[in-house]
Amino acid sequence: QASSQWGSSSSQIHISCKPKAAFKALAGVLHASIVESEYSKAASMATRTSAGGGVFVLAKVLSGGSVVQLDVKCACSTKQLSECTARLITQALAGMSL
């Protein structure tokens, strides 16, 4: 994918469970694989959209473990679709309670 076609979006979710459990739950919801994790501080995930685009998520723990920052990047066939997909994913995840 050309770099000009990438879309990105961010959000935060509050968690009441351990960060590792939150990362696993997020990966499950996204049907994503955890590509890399750094203890209970961060995790990188990757998955594909039904249209074949790539979705990449970096989840980082903030505020003493009660908040997870989600940075979503998406590469679809057009920049508009990539931005829309990334925004929809972060909006859906922001409403979660873990």
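Reader: What should I know about the model before I start?
Author: It's predicted, so local features need pLDDT of at least 70 and side-chain atom pairs count only at pLDDT 80 or more, while totals for chains, interfaces and linings use all residues. Residues are numbered from 1 along each chain as its sequence is written, and side-chain values use heavy atoms, with hydrogens and water left out.

Reader: OK, how many disulfides does the structure hold?
Author: The structure holds 0, a disulfide being a pair of cysteine sulfur atoms within 2.5 Å.

Reader: Is Cys-74 buried or exposed?
Author: Cys-74 is buried, at 0% relative accessible area. Buried means under 20%, exposed over 50%, and partly exposed in between, using a 1.4 Å probe and protein chains only. Cys-84 is partly exposed at 29%.

Reader: Switching topic: where is Ser-9?
Author: In strand E1, residues 6-14. Strands (E, at least two residues) and helices (H or I, at least four) are DSSP runs numbered from the N terminus. Ser-9 is buried, with a relative accessible area of 16%.

Reader: Which side chain does Ser-9 have a polar contact with?
Author: Thr-90, at 2.7 Å. A polar contact is a pair of N or O atoms within 3.5 Å; within protein, one must be able to donate a hydrogen and the other to accept it, and residues adjacent in sequence count only if both atoms are side-chain atoms.

Reader: Now the largest nonpolar core: which residues touch the most other members?
Author: Leu-26, Met-45, Val-68 and Leu-70, out of 22 residues. Such a core is a set of buried Ala, Val, Leu, Ile, Met, Phe, Trp, Tyr and Cys residues joined through side-chain atoms within 4.5 Å.

Reader: Which element gives the most to this core?
Author: H1, with 5 residues.

Reader: What stands opposite Met-45?
Author: Ile-34. Met-45 is in E3, which pairs with E2 (residues 33-38) in the antiparallel sense over 5 bridges. Pairing takes at least two DSSP bridges between the strands.

Reader: How many residues are between E2 and E3 in the hairpin?
Author: There are 3, and Tyr-39 in the turn has a positive phi of about 50°.
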